[in-house]
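Work through the exercises below with the structure in view. Try each task before reading its solution.

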Amino acid sequence: MRYLSRIFMALSALCFAMPAFAQGGGAETNWVAITAGFSMAIASAVCGLAQGKAVASATESLARNPAARPGIQFALILGLVLIESLALYTLAIIFLKVK
Amino acid sequence: MTDLLQVEPEHQFDDAFYSRAMARIHRFMIALAVVLSAGCWYRFGRWSALGFLLGCAIAYLNFQWLKSGVSHLADRATHRAKRQSGKGIVARFLLRYVLLGAAAYVILTSFPASLRGLFAGLFLPVGGIICEAGYELYTGFTGR
């Protein structure tokens, strides 16, 4: 897991490095694209954290009380779908505003 | 003692009602996809309707894979899994995003005119859940 997180950190650093190298002198900064990237990153990170928290709580509850599986599983699916849709809202707004 | 262990009839009705919620959400999703695609065709044209339908298909697949992923996870948590590793479950969970992203990329490069319809179609599960919430409210108020 630590190895994976290092790879993702290196990839994110590379994503920031590429536009920095591409900037020429006197060119206007495209703030819309930058803020879109940051908002998507924040939305993805928070939704990922939320999904992790939901899954961790659900698996803990299932391990404690396997008889309550149908209710917990249903609530987990609904929660994950709604959390994913929040990231999708951000993506849709970014596409519609940036395009 | 046996009286204490018996479940009351109204609770049995509640359990049966809520256990059918997932099947109802599936039906709501299919109905919404058909009805809204027709409306989209009528209001915005063929390409938007096609994009919406493709978005609905992607969202439906995503929902199915999410459900099966959660089911495997629950099997693992309750020690009912056959011989499936935790890494396999996580890989399948993540592969979902890769496959959906690839499908969305192909659709976007092939039919750029259907972009808005595609994004609208991706919210199909939310629509299904909202319909289910409305149905539960209705049954709660009417007492059926």
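**Exercise 1: A pocket lining**

Task: Sort the residues lining the second largest pocket into nonpolar, polar and charged.

Solution. The lining divides into five nonpolar, three polar and two charged residues. This is a predicted model. Now list the names. Chain A gives Arg69(A), Pro70(A), Gly71(A), Gln73(A), Phe74(A) and Ile77(A). Chain B gives Asp15(B), Tyr18(B), Ser19(B) and Met22(B). The largest share, six residues, comes from α3(A). Last, the volume: the pocket holds about 240 Å³.

**Exercise 2: The salt bridge**

Task: Find which residue forms a salt bridge with Arg69(A).

Solution. Start with the count. The interface of chain A and chain B has one salt bridge. Its partners are Asp75(B) and Arg69(A). Their closest N and O atoms are 2.7 Å apart. That lies within the 4 Å cut-off, so the pair counts. Arg69(A) also lines the second largest pocket.

**Exercise 3: The chain contact**

Task: Describe the contact between chain A and chain B, then the side that chain A gives to it.

Solution. Count residues: 24 come from chain A and 27 from chain B. Then take the area. The two chains bury about 2,300 Å² between them, 81% of it on carbon and sulfur atoms. Three residue pairs are in polar contact across the interface. On the side of chain A, α2 (31–64) and α3 (69–98) each give two or more residues. The largest share, 17 residues, comes from α3(A). By type, this side divides into 17 nonpolar, four polar and three charged residues.

Key
Residues are numbered from 1 along each chain as its sequence is written. Chains are lettered from A and ligands numbered from 1 in the order in which they are written. This is a predicted model: local features need pLDDT of at least 70, side-chain atom pairs count only at pLDDT 80 or more; totals for chains, interfaces and linings use all residues. Side-chain values use heavy atoms; hydrogens and water are left out. Contact means heavy atoms within 4.5 Å. Buried area is the accessible area (1.4 Å probe) that two parts lose on being put together, summed over both. A salt bridge is a side-chain nitrogen of Lys or Arg within 4 Å of a carboxyl oxygen of Asp or Glu. A polar contact is a pair of N or O atoms within 3.5 Å; within protein, one must be able to donate a hydrogen and the other to accept it, and residues adjacent in sequence count only if both atoms are side-chain atoms. Helices (H or I, at least four residues) and strands (E, at least two) are DSSP runs, numbered from the N terminus. Ala, Val, Leu, Ile, Met, Phe, Trp, Tyr, Cys and Pro count as nonpolar, Asp, Glu, Lys and Arg as charged, and the others, Gly among them, as polar. On a 1 Å grid over the protein atoms alone, a cavity is a set of points where a 1.4 Å probe fits but cannot get out, and a pocket is an open set with protein on both sides within 12 Å along at least five of seven lines; lining residues have an atom within 4 Å of a point. Grid points are joined across faces, edges and corners, and a volume is the space filled by probe spheres set on the points.
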